[in-house]
Amino acid sequence: MTIAPEITSPLLHNENKNYASASSPAPEENSPIEQVALTVPVTDDPSLPAVTFRTWTLGSLACVLLSFLNQFFWYRREPLSLTSISAQIAVVPLGHLMASVLTDRVFFQGQKWEFTLNPGPFNVKEHVLITIFANSGAGNVYAIHIVSTIRVFYKKNMSFWVALLVVLTTQVLGFGWAGLFRRYLVEPAAMWWPHNLVQVSLFRALHEKEERPRGGLTRNQFFLIAFTCSFAYYVLPGYLFPMLSSLSWVCWIFPASVLAHQLGSGLHGLGIGAIGLDWSSISSYLGSPLASPWFATANVAAGFALVMYVITPVAYWLNVYKAKTFPIFSDGLFTSTGQSYNISAIIDPNFRLDIDAYEREGPLHISTFFAINYGVNFACLTATVVHVLLFNGRDIWELSKSAFQEKKTDVHTKLMRRYKQVPGWWFICILVANIAATIFTCHYYNDQLQLQWWGVLLACGLALFFTLPVGVIYATTNQMPALNVITEYIIGYLYPGYPAANILFKVYGHISMKQGINFLEDFKLGHYMKIAPRAMFMAQVVGTIIAALVHLGTAWWLMSTIPDICDRALLPAESPWTCPGDHVFYDASVIWGLVGPRRIFGDLGYYSAINWFFLAGAIAPALVWLAHKAFPTKQWIRLITMPVLLGTVVNMPPATAVNFTSWILIGFASGFVAYRYYRGWWSRHNYVLSGALDAGLAFMAVILYLCLGMQHVHLKWWGSTPDGCPLASCSTEPGVLIKGCPFI
């Protein structure tokens with residue numbers, strides 16, 4: 001993918017020309033990455049104030065709102081993930097308003113604590129720091145899954161104080177890994193972090209002087225129109241016509257055919273022909289398709305087609321693992337006869353596995369797709385390590401050898417050297433203190449959390465090992481391979497029968513790594529925009545703490561106010577509060593924690609052959625590497641990124657087929673068609689449209705819930721039920737009786 005050729009020079013010009021000429025690199029010096037060279041400015045003005053009253057006010061407000069909205073949506077059937085781009089655009093008029101109305105009086109003038117509420121015009125560096133605050137609230141706090149699983153699914157006690165300690169320690173732990181790997185994942189030009197270019201492009205667009213083109217719209221005008229349309233349109237899929245989230249027309253043509261429903265259902269089947277006309281459905285799990293590089297979208301499409309349209313149907317119709325006894329696509333837990341497994345019957349009073357009860361109930365079964373999905377997770381893990389070793393190993397080795405030597409750096413690293421860096425010991429102190437606090441929490445509240453001290457240290461070791469290879473993949477492809485399954489696998493073998501310990505180990509091992517990579521991504525954004533590293537560090541720490549508090553508070557409120565939240569058996573059919581992500585998390589806690597991997601994927605289990613996916617994942621990138629070496633002129637071979645291709649379906653379930661089909665179509669329309677044939681429109685409006693769609697949908701969804709959802713005002717008609725494929729989850733095995741399904 002290449003950036004539109006009309007972007008050939010920085011748009012953020014320095015008004016002080018004498019200073020600019022002294023501080024800017026030679027005109028021919030730029031980043032070796034073409035996309036970065038054409039997008040990121042190579043000038044800097046250190047005199048611009050960054051940490052201001054406006055930064056604190058708007059940054060905190062953006063963090064609170066995004067944290068609330070993302071957690072609010074997370075329990076819904078289509079859990080929209082709002083990125084910081086929405087806040088990035090929305091704060092611009094607020095920043096200019098504050099600059100025009102606030103007093104410019106200087107308080108405590110001449111003293112150490114001198115400050116002003118209005119240091120001058122709203123500038124881009126303030127805007128970047130506000131966006132860093134917003135980034136903290138843009139991601140879901142994974143530790144909330146622990147709270148939901150224990151309180152809602154297992155119906156066990158967990159106090160708010162314990163939940164707060166778990167959420168804070170998991171969120172902050174990533175700072176330590178970020179500090180250790182800054183040199184490898186921020187300073188090198190090859191680690192270019194594609195998603196950051198979206199935000200850099202928006203900063204440049206929002207801070208340049210723009211005149212309305214003849215017959216066209218300015219970016220701000222386009223944003224307001226798109227925002228209004230998105231806001232108004234979401235009344236349809238959000239309330240009046242929920243079926244727009246998944247239009248599975250194949251089911252309508254063959255209403256009595258189980259096979260047609262399995263093939264056509266976008267929510268419970270393979271999703272052939274299914275389409276979602278709902279932005280929350282499109283961007284729920286993969287983020288905005290408008291922000292994805294085309295080569296990454298193509299990898300996602302290939303991986304989805306391979307798993308969903310080749311492996312899954314072949315395995316199902318060959319009846320692998322008794323596939324026909326269970327739904328073709330499900331995250332459920334079943335008995336050998338296809339009935340739902342009674343999990344509460346195998347838990348003893350101490351919140352552990354009751355072996356005798358498990359023997360009476362019989363072995364746990366899962367759908368063949370769910371088993372294959374775990375296998376693909378195994379393959380993705382080994383593919384990530386092998387891919388990074390083969391394609392990036394030499395670069396990492398060179399960086400390691402030059403750790404204490406002068407090495408040629410790119411222009412952005414040179415410009416950043418004028419600022420005070422964040423000392424390494426700051427990160428080390430946070431890391432050590434956080435690990436100590438985590439061990440104390442797990443020991444003192446062991447009756448609720450179950451995890452032992454050695455489990456905390458082992459989880460940290462796994463996060464430390466995988467942060468670099470996963471970070472390299474994400475920094476170059478914008479797709480992050482997941483680590484959660486391997487953490488479940490390891491602790492499930494070492495400490496079986498303790499579900500709370502298993503999910504806690506998974507969160508400390510997986511989320512601390514993910515948080516570390518998110519912090520590194522923000523550091524790279526500050527690197528591109530020439531923000532002082534210490535100011536970045538401050539915004540990240542404060543934003544992370546605010547986000548943790550708001551996420552937990554929102555989740556606690558929803559769990560306390562929505563009757564039967566997450567309970568699909570008791571919720572009305574049209575209820576959006578089905579908690580798809582938490583269902584998968586709960587199922588995983590049963591599989592890996594309560595029952596244990598040995599009884600499912602090990603020598604005592606039914607799915608032991610799935611372990612061969614580890615080997616397949618290691619071989620796949622090696623084949624791509626050999627093909628690249630054999631045909632070096634075929635550049636498209638190098639763009640085959642097996643961790644991305646294999647990691648496509650790690651979110652399925654809870655993601656469903658319609659989330660992928662719609663996302664791929666929009667990604668193709670944006671990244672290929674619009675970019676190639678309508679590049680002028682794409683360069684001006686593509687990313688602005690993404691932010692507008694997110695923001696309009698978010699505000700309307702919250703209004704619908706506050707005005708209608710909390711009052712339990714619902715519509716019941718044919719279009720109120722998403723998908724319209726009631727037979728998609730039926731068994732096709734003769735003799736299996738499932739409620740609501742035809743008996744074969």
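Residues are numbered from 1 along each chain as its sequence is written, and side-chain values rest on heavy atoms, with hydrogens and water left out. Since the model is a predicted one, local features need a pLDDT of at least 70 and side-chain atom pairs count only at pLDDT 80 or more, whereas totals for chains, interfaces and linings use all residues. The pLDDT, the predictor's confidence in each residue on a scale from 0 to 100, averages 83 over the chain, and 93% of the residues score at least 70. Over residues 1-24, however, the pLDDT is below 50, and this stretch has 50 contacts (heavy atoms within 4.5 Å) in the model beyond near neighbours in sequence.

A disulfide is a covalent bond between the sulfur atoms of two cysteines; here the term is applied to a pair of cysteine sulfur atoms within 2.5 Å. A search of the whole structure finds three disulfides, and with bonded cysteines counted along the chain they follow the pattern 1-4, 2-3, 5-6. In one of them, Cys251 is joined to Cys725 with an S to S distance of 2.0 Å, and this link is right-handed, with 100° about the S-S bond. Because Cys251 lies in helix α13 (residues 249-253) and Cys725 in the segment after α31 (679-709), the pair ties together parts that are 474 residues apart in sequence; helices are DSSP runs (H or I, at least four residues) numbered from the N terminus. Both Cys251 and Cys725 are buried, where buried means under 20% relative accessible area, exposed over 50% and partly exposed in between (1.4 Å probe, protein chains only).

Cys566 and Cys579 form a disulfide with their sulfur atoms 2.0 Å apart. The torsion about the S-S bond of Cys566 and Cys579 is about -75°, so this disulfide is left-handed. Cys566 and Cys579 are found in the loop between α25 (533-561) and α26 (580-595), 13 residues apart, and both are buried. A further disulfide joins Cys730 to Cys741, again described by an S to S distance of 2.0 Å, and the link of Cys730 and Cys741 is left-handed, with -90° about the S-S bond. Cys730 and Cys741 lie in the segment after α31, eleven residues apart, and both are buried. As for other cysteines, Cys63 counts as buried at 0% relative accessibility, whereas Cys229, at 48%, counts as partly exposed.

The loop that holds Cys566 and Cys579 also contains Thr578, which counts as buried at 13% relative accessibility. Leaving aside residues up to four places away in sequence, Thr578 touches Tyr75, Arg76, Arg77, Cys566, Arg568, Leu571 and His583. Among these, Arg76 has its charged end over the ring of Trp577, 5.2 Å from the ring centre; a charge sits over a ring if NZ of Lys or CZ of Arg is within 6 Å of the ring centre and within 35 degrees of the ring normal. The charged end of Lys506 likewise sits over the ring of Phe585, 3.9 Å from its centre.

Tyr75 is, with Leu364 and Ile591, one of the residues that touch the most other members of the largest nonpolar core, which has 204 residues; a nonpolar core is a set of buried Ala, Val, Leu, Ile, Met, Phe, Trp, Tyr and Cys residues joined through side-chain atoms within 4.5 Å. The largest share of this core, 16 residues, comes from helix α24 (residues 499-529).

Rings of Phe, Tyr and Trp (its six-membered ring) pair if their centres lie within 6.5 Å, with planes under 30 degrees apart counted as stacked, over 60 as edge-to-face and the rest as tilted. The whole structure holds 54 aromatic pairs, including the tilted pair of Tyr489 and Trp592, at 5.5 Å centre to centre and 45° between the planes. Tyr489 lies in helix α23 (residues 484-494) and Trp592 in helix α26, so that this pair ties together parts 103 residues apart in sequence. Tyr489 is buried at 13% relative accessibility, as is Trp592 at 0%. The rings of Phe668 and Phe672 have their centres 5.3 Å apart and their planes at 15°, so this pair is stacked. Phe668 and Phe672 are four residues apart in helix α30 (residues 657-677) and therefore separated by about one helical turn; Phe668 counts as partly exposed, at 35% relative accessibility. Tyr489 and Trp592 also belong to one aromatic cluster, whose members include Tyr321, Phe370, Tyr374 and Phe614.

Technical notes
Helices (H or I, at least four residues) and strands (E, at least two) are DSSP runs, numbered from the N terminus.
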